[in-house]
Amino acid sequence: MRESERTPLQVHRCRFVDYVPSAINALSFISKDVKRPLLACARANGDIEIWNPITWHIERTIPGITGAGSIESIAWIPVIDKPEDDDDDDDDDDDDEEEDEKKPLTSKSKRQQQQQSKILHTPRLFTAGLDGFITEWDLVTLAPISRVESGGGAIWSMSVAPAGTEIAIGCEDGCVRIFEVAPVGASDCVVYKAACDRQDGRILSVAYHPFKPIVSAGSSDSCIRSYSTENFRLLNRLTVDTGKRKEETLVWTLTYLSNGTLVSGDSIGAVSFFDDESHTLIKSIKSHYADVLCLAGGSNGDVVYSSGVDRRVIQYRLVDNTLQNQATYMTAMQKTQTRRQFQQTWVLSGDRRFHSHDVRALALCETKPIDSLVSGGMDTTFVVSRTVSLFPDSKQERQSPFPQRALVSLAAEGRLLLARFDDYVKVWALGQSAGDVEDFGGVDAVGERVPVARKERLLAELKIKCVTNLISSAISPDGSFIAVSDLFCTRLFSVSVEPARVVRQKRFPSPSIIPGSTNIVFTPDSKRLILAGTDSIVRVVDISNPDFETVAEFTEHRGTTRTHRKNAMEGVEVNGVAVSRKQQFTGAELVSSLAVSTDCQWLATGDMANRINVYNLDGLKHHATIPQLTSQHTSLTFSFNSSNLIATLDSNEVFIYDAEHARLSEWSRHNSHALPSHFLQRTDTIMGAGSCESAPQKVVVWGANYLVSIDTSKSIHHKQSSNKRKLSAKKSNPTDKKSSVPNGHSKPTSNNNTHHSSEEEDASMTAAATTKHENKGAFSIQFKYGPTMFFGFLAGGAEAVVVERPVLSVMDALPTGFYRKTFSA
């Protein structure tokens, strides 16, 4: 890159945001009888993350209820409607009846017809925890639809019947309780049905039989009991090994395989397999050094995965076992009785260690294209093992534990930084360098630390009295206002730097007028507050006068009246397949993105149905709707001092839309689909984008582990390079091997523009190194920063802010992991 094209700037490397993600307690896949697969991840603070397991993008986060305790179990139940048969269809069926008899359908065509005859809605999500309640959640409003008390204290485990009509819970009082799943729209999500025979000790695990009316429960007294779901009486009792200490063994987890085999994991580190017919132990494998906390079984009943306190993820397979050795010493009757039991046996077939702390949850999905095993626990992150049939040699991808929607907001003019936690926020004043970039040598000082005239300082820590964990926050560009919201109420505070204090605005509209907000943003002139409510209404509040009047309400994201409460996801294109007319989306959806142009003229809003609307804030009216993008958008941002809207997608594509003229920009028409393949194939999606005053033609997009600079004044061209050139490029950048991308794709040899950086944690500032570029500066990527929680520019464009949270800092805040003392010879 020529010297004249370089854009040096100071980068504040902020590592003082002491955010610690919450541990993962439960994971649950749903991939059958739904329009697209989903993964639910329940954390110890009560938050529930809904992931798209194809792109590994967090679609929405349901906030935990304050004081409700941790969630121990989570489950999906699909919602299926059968369409009414039309008369015309019946006539057609009668006409084709003879032809169908002559040409029998194959199993594949039958499955296709059955699938087409179903109307699939958004599945229902249920959770249970130590607060003793079963809760159903609304995925649009993020609020609980209903909460039903267990009647037996804390709930340690929950299981859904194969038909999805019943839920069994294991309670603190030693009783298994059965609840019927109520129809959609009922006042209570579940209705109490019966309680099974009580036992001594708490019920730690429950599991439904796949094809028999049986529910099994593991308890804290070394026993597994099976109950009938028809008369709720005890059928049989199985006893697990108590180990050398002769103490009671805790049966932490149970699961049934598709062939009826019962698998248990207990506190002595053993995984046991029990026969369904004889109710006897088939095999017990003491494969773990500590408690087994979670199990996952394959759909064919021939593979099981286990993990627990010792951090190992272990695979067991059902393999053939020869009878030659036994045949010599068995009579004919003995051979017949033992043939089924000894024809196959369970063996440990592989193990891996992905985590640094206890693994509390496993989830397996063998459906293509997911085909993954997901594990998570105390170390706050989950690991995706792709192509599980190749385990333990399958590829592993570690997902970032930080939310993909930034918890940090920046006051570009006021030089303040706001960070949001579960029930409080912190405000810092950024530091100041001792001079400008040119004072330290300009581009010649790349990589050098520069002196700091003033360090960062904590201005305020604001504790919020909230019903749920905070879901959104923002600080005005001039740093004079702070807005925070939980699920039910939005609050506004004024900020004073000298002296440092935060005062709540008492006259801000009440929750009955302005509910909780899923997204908040201030206009660049700090005179208006834009709120995306949990009711899918976007409100514009005038904060320049003490009345705080709501000057506009936009209802485009509510759609038409919802005829079905659980159809919020309908209409989203899945894998390029158009949804039928009967399944078209007509209802409200969660507003996930807000953006305001720097001239305060344009407002862009986007929801999880991928509807992006543009409003004119001068006339307070709807201006245009962007044509629906092929992939879900992850963020919206306006280019500096223009009406160009930057939309980033979970496919890592970047589109620029001219909001004023309601059309794609010239650059986007020719280059949005021409981004380098190594970038589009990354599994860590784009978290945000932005541009600055000093170089408005350049767009910076960022993810958890990278920063990308795109020059929109240039076209992106791909040139075929020879093997010799590729080899020389690898030799010229020896750091590529150490910084390989987790998903197996090699990192590019190009990097971003020159940066002048500063590290405020050490009371010093550094300059980012300039590396090679590709396509003559049109696209460059660097991996210098990370894990990144936020990136943004300060006013003037001469300074940028990167909020990093090193993994080792998070590990230091976690409790000590399992340690096994070993001795050498």
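In which loop is Leu-142 found? In this predicted model, Leu-142 is found in the loop between β8 (133-137) and β9 (144-149), where strands are DSSP E runs of at least two residues and helices are H or I runs of at least four, numbered from the N terminus. Residues are numbered from 1 along each chain as its sequence is written, and side-chain values use heavy atoms, with hydrogens and water left out. Because the model is predicted, local features need pLDDT of at least 70 and side-chain atom pairs count only at pLDDT 80 or more, whereas totals for chains, interfaces and linings use all residues.

The chain contains nine helices and 58 strands. Of its 825 residues, 56% count as buried, that is, under 20% relative accessible area, with exposed meaning over 50% and partly exposed in between (1.4 Å probe, protein chains only). Contacts are defined by heavy atoms within 4.5 Å; among those between residues at least 6 apart in sequence, 56% join residues at least 24 apart.

Two residues other than glycine carry a positive phi. For Leu-142 the value is near 65 degrees, and this residue is buried, with a relative accessible area of 4%. Arg-415 has a phi of about 60 degrees and lies in the loop between β30 (408-411) and β31 (416-420). Arg-415 is likewise buried, at a relative accessible area of 16%.

Cis peptide bonds were also identified. One runs from Lys-368 to Pro-369, with omega near 5 degrees; Pro-369 is placed in the loop between β26 (359-365) and β27 (372-377). Another joins Gly-786 and Pro-787, with omega about -10 degrees, and Pro-787 belongs to the loop between β56 (779-782) and β57 (788-793).

Strands of a sheet pair through backbone hydrogen bonds, in a parallel or an antiparallel manner. Four strands form an open sheet in the order β18-β19-β20-β21, with antiparallel pairing; two strands are taken to pair if DSSP finds at least two bridges between them.
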